[in-house]
Structure formats: C-alpha cells, structure tokens
Amino acid sequence: MADPTLRVVIVDDHSIFRSGLRHDLDHRIDVVGEAADVPSAVAVIAETRPDVVLLDVHLPGAESDPIGGAEVLRIAAPLSPATRFLALSVSDAAEDVVRVIRAGARGYITKGASGSEVSRAVRTVADGDAVFSPRLAGFVIDAFGAAAGETAATDDELDRLSAREQEVMRLIARGYAYKEVATDLFISIKTVESHVSAVLRKLQLSSRHELTAWASARRLL
C-alpha cells in the first residue's frame, strides 16, 4: 500500500528556499501553505491544520522569544494539536537545537539535507517519531540526559516496568515507529500506545525525546 499524501506547511523567511524545497519534496507531500514570519506562520497553521510544519528556527516577527521558531511552536501548536513540527535550519548551534526541541519540535535537520532526506524526515515525524541530523542528536541526548539527572541504570527504575513495557521502551527509544513496534512484538498499535503511556508515566518522563535520552544515558539502547 502506498504511503498517504501528507499536508505540509513550509515556514522560512527566504522565498527562494521555500520555492526550491517545495520543488524537491516528493510527490506524496502536498504543500498547503507557506509563511515567512511568526505572525503569518501562526495564521496559516491555524487555517490549514497541516500534518507537518517544516519550520525555520530564526524567523522575523517574534515578540516574546529571540528564537522565532520556538515562538511559532508555543502559539501555533495549541491551535492545531495534531500537527507535528520539524525544525529545518541552517543553524546547527546546540542552544538552537535544544530550545526548539524543548518548545515542542519533533525533530531538527539542517538545510544541507537533500529533498529526499527532508521528505523521509517529514514522514518519520508524521508517524510520531523523532528525527535529527546525525551530529545534532548528541545535543538533544546531552540536554535531556542532564535533565533526567542520572547516568547509570538502576534495578529499581527498570523494576517499575513490566517485561513487555521494557521491550516496548527499548524499541521506542531506538526510534521505531509504533507500527514497527507492533509488528516486531506481534501486538496491536493501540497496545503499543498503552505501553508507551505507561512507560512515560512510571518513569516520570513527558515525551519520546526524553525517553530516548533517559535510555541512552543508562546505556539501555
């Protein structure tokens, strides 16, 4: 079965880049809107409610945050709860990566990525997984690992999880999509979702990003 068409909004203050990216994305990605600054981004996201927003990090028009992309996330995400946000930026600075991820982006790739790489990243994020350019993943793991506050696994932590929850936890932390976990463990996607919710609750984590950092810091991947 072919992948479904995904509806995408491109947010970037350079029209030439937006035009080139639109042309390079694969044919099953439908660009339903574009924006060049924070106010227009919020407006087009609220109007179109896309599956994924490709979001530049540094945007004009921010009022409350020096990182315009983070401001878009904080304002627009509640207006379109099902939309996923993928940061796409020329910046590979650790502070930019961490700030935007903390604001709610599901991934961060640099503008050196090819059209096919961006297309794959869009699908990965739409499926609920995180995606990062290789050299940026370490920033996220370091940041959220530090937030977790520990560097070694303890029996007590893992004892909070059932054997099945530990299996699901490791696969999710490695970046598997829910449907891939379901196939691998011969369970339903709904069961995977229930296990993930239980894992996050028991470990007092709030997202898959934090779960990946938690497992990586404890060498459980």
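The model is predicted, and local features were taken only at pLDDT of at least 70 and side-chain atom pairs only at pLDDT 80 or more, whereas totals for chains, interfaces and linings use all residues. Residues are numbered from 1 along each chain as its sequence is written, and side-chain values use heavy atoms, with hydrogens and water left out. The average pLDDT of the chain (the predictor's confidence in each residue, from 0 to 100) is 85, and 87% of the residues score at least 70.

Helices (H or I, at least four residues) and strands (E, at least two) are DSSP runs, numbered from the N terminus. The buried residues of helix H2 (residues 38-48) are Val-38, Ala-41, Val-42, Val-44, Ile-45 and Thr-48, where buried means under 20% relative accessible area, exposed over 50%, and partly exposed in between (1.4 Å probe, protein chains only). The elements covering these residues include strands S1 (6-11), S2, S3 (52-55) and S4 (84-89), together with helix H3 (68-76).

Seven salt bridges are present in the structure, each defined as a side-chain nitrogen of Lys or Arg within 4 Å of a carboxyl oxygen of Asp or Glu. In one of them, Arg-18 pairs with Glu-34, with 2.9 Å between the closest N and O atoms. Because Arg-18 belongs to helix H1 (residues 15-24) and Glu-34 to strand S2 (residues 29-35), this pair ties together parts that are 16 residues apart in sequence. Glu-34 also forms a salt bridge with Arg-22, at an N to O distance of 2.9 Å. Here too strand S2 is tied to helix H1, through residues twelve apart in sequence. Arg-18 counts as buried at 12% relative accessibility, while Glu-34 is partly exposed at 28% and Arg-22 is partly exposed at 39%. Elsewhere, Asp-12, Asp-56 and Lys-111 are linked in a network of salt bridges.

Within helix H8, Glu-167 and Arg-164 lie three residues apart, about one turn of the helix. Their side chains form a salt bridge with the closest N and O atoms 2.9 Å apart. Glu-167 is partly exposed, with 38% relative accessibility, as is Arg-164, with 31%.

Helix H8 (residues 163-173) packs against helix H10 (residues 189-203) at an angle of about 90°, with the axes 9 Å apart. Axes are lines fitted to C-alpha atoms, for helices over the stretch in contact, and angles run from 0 to 180 degrees between N-to-C directions. H8 is therefore roughly perpendicular to H10, the range for this term being 65 to 115 degrees. Arg-164, Glu-165, Val-168, Met-169 and Ile-172 of H8 make the contact with Val-192, His-195, Val-196, Ala-198, Val-199 and Lys-202 of H10. By class, this contact has seven nonpolar, one polar and three charged residues; Ala, Val, Leu, Ile, Met, Phe, Trp, Tyr, Cys and Pro count as nonpolar, Asp, Glu, Lys and Arg as charged, and the others, Gly among them, as polar.

Most residues other than glycine have a negative phi. Arg-49, which follows H2, has a positive phi near 45°. Arg-49 lies in the loop between H2 and S3 and is partly exposed, with a relative accessible area of 48%. Gln-204 likewise has a positive phi, near 60°. Gln-204 is in the loop between H10 and helix H11 (208-217) and is exposed, with a relative accessible area of 70%.

Notes: Parallel < 35°, antiparallel > 145°, perpendicular 65-115°, else oblique. Contact = heavy atoms within 4.5 Å.
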